[in-house]
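Biologist: I would like to learn how to read a protein model. Could we go through it feature by feature?

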Amino acid sequence: MTKIFLVCGFLGSGKTTFIQEVLSKKDNSLIYAIVENEFGEVNIDSKILANSNIAIKEITNGCICCSLIGDFSKAILELKEKYQIDIIIIEPSGVAEISPLIHTLQSEELFVITIIDAKRHLIYEKNFKSFYEDQIFCADKIFFSKTDELTDLEIENLILDIKDKHGEKDIEFRNWHELNYNELFDIEGSKLIMKNSNHQDLKFYEKTLRPQKYFEIKEIEKIGEKLKNSDNIYRVKGFLDSFCGKLKIDYTQGEFNYEKIDYMPENFLIAIGTSQNIEIEIIKILGDDIES
């Protein structure tokens with residue numbers, strides 16, 4: 001029977017990086033497939049994972065926990081019928097509620113992994129409440145990301161906070177690079193009693209831009225500073241041309257990074273936030289000469 005691993009986590013938690021780590025240590029006797037869901041119209045994470053030589057199924061322009069649930073079910077069925085897949089790894093959008101996905105996959109051999117941004121956990125818990133907590137509640141196993149800036153005491157308090165609110169959980173706080181394949185994927189399957197969905201309590205908006213210009217590095221850094229000052233934009237990711245080469249852009253609430261890459265994807269940026277005017281806000285940040 002095909003095993004399905006649902007790798008979830010809020011915006012920018014590190015889901016794609018985790019999947020890359022798993023694939024770098026995968027069991028070569030097994031056949032893998034990935035289902036990627038992007039809230040925007042372009043799937044950036046599938047571009048990053050494209051070098052893994054694994055079959056990737058993309059579902060874009062919505063959330064597989066609600067508006068695209070039919071496309072999601074069809075993708076799973078197609079992978080199972082057309083290929084002899086041993087393991088399907090699903091990466092839902094960071095704004096997906098997990099309870100409805102588990103309900104859809106209740107007849108499958110399902111394992112739910114949640115990646116928690118340790119540095120921002122308390123902020124997300126406060127700002128997004130039950131929506132964010134649903135991803136933790138549904139987890140069979142929890143992995144922390146971005147623990148390098150936390151003390152041992154802060155990590156210990158974080159574990160206690162999660163267990164106090166969500167009961168006993170299998171939590172792994174060691175660096176992913178230190179773990180072997182079995183430690184990453186050795187978990188018990190989901191046996192949760194489903195709770196009612198409350199996805200409608202929080203609405204996210206998305207805008208995809210395709211800038212057709214070359215940026216100076218100082219312009220890129222200025223964009224980062226403006227994003228940090230935004231109250232409504234929580235996630236920006238994509239690729240831009242600079243006079244120093246192609247750049248991968250990554251912004252998660254309060255933290256902006258860019259890096260030069262060797263591969264040459266098309267230019268686009270996806271911005272996700274809670275403002276209906278997100279298009280106006282992101283264009284203002286990038287510059288009025290940006291073509292949307």
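Modeller: This is a predicted model. Of the 292 residues in the protein chain, 54% count as buried.

Biologist: How do I read a nonpolar core?

Modeller: In soluble globular proteins, nonpolar side chains tend to be buried together. Here the largest nonpolar core has 23 residues, and those touching the most other members are Phe-10, Phe-128, Ile-142, Phe-144, Ile-162 and Phe-204.

Biologist: Which helices and strands each supply at least two residues of this core?

Modeller: They are helix 5 (121–137), strand 6 (141–145), helix 6 (152–166) and strand 13 (268–273). Helix 5 gives the largest share, five residues. There is also a second, separate core of 20 residues, with Ile-19, Phe-143, Trp-176 and Phe-185 among them.

Biologist: How do I read a pair of helices, such as helix 8 and helix 9?

Modeller: Look at the axes, then at the residues that meet. The axes of helix 8 (residues 217–228) and helix 9 (residues 278–286) come within 9 Å and cross at roughly 145 degrees. From helix 8, Ile-223, Lys-226 and Leu-227 meet Ile-282, Lys-284, Ile-285 and Leu-286 of helix 9.

Biologist: What classes of residue does the contact of helix 8 with helix 9 have?

Modeller: Five residues in this contact are nonpolar, two are charged and none is polar.

How values were computed: Residues numbered from 1 in each chain as written. Predicted model: local features only at pLDDT ≥ 70, side-chain atom pairs only at ≥ 80, totals over all residues. Heavy atoms only, no water. Core = buried A, V, L, I, M, F, W, Y, C linked by side-chain atoms within 4.5 Å. Buried < 20%, exposed > 50% of the residue type's maximum accessible area, 1.4 Å probe, protein only. Helix = DSSP H or I, 4+ residues; strand = E, 2+ residues; numbered from the N terminus. Axes fitted to C-alpha atoms, helices over the stretch in contact; angles between N-to-C directions. Contact = heavy atoms within 4.5 Å. Nonpolar A, V, L, I, M, F, W, Y, C, P; charged D, E, K, R; others polar.
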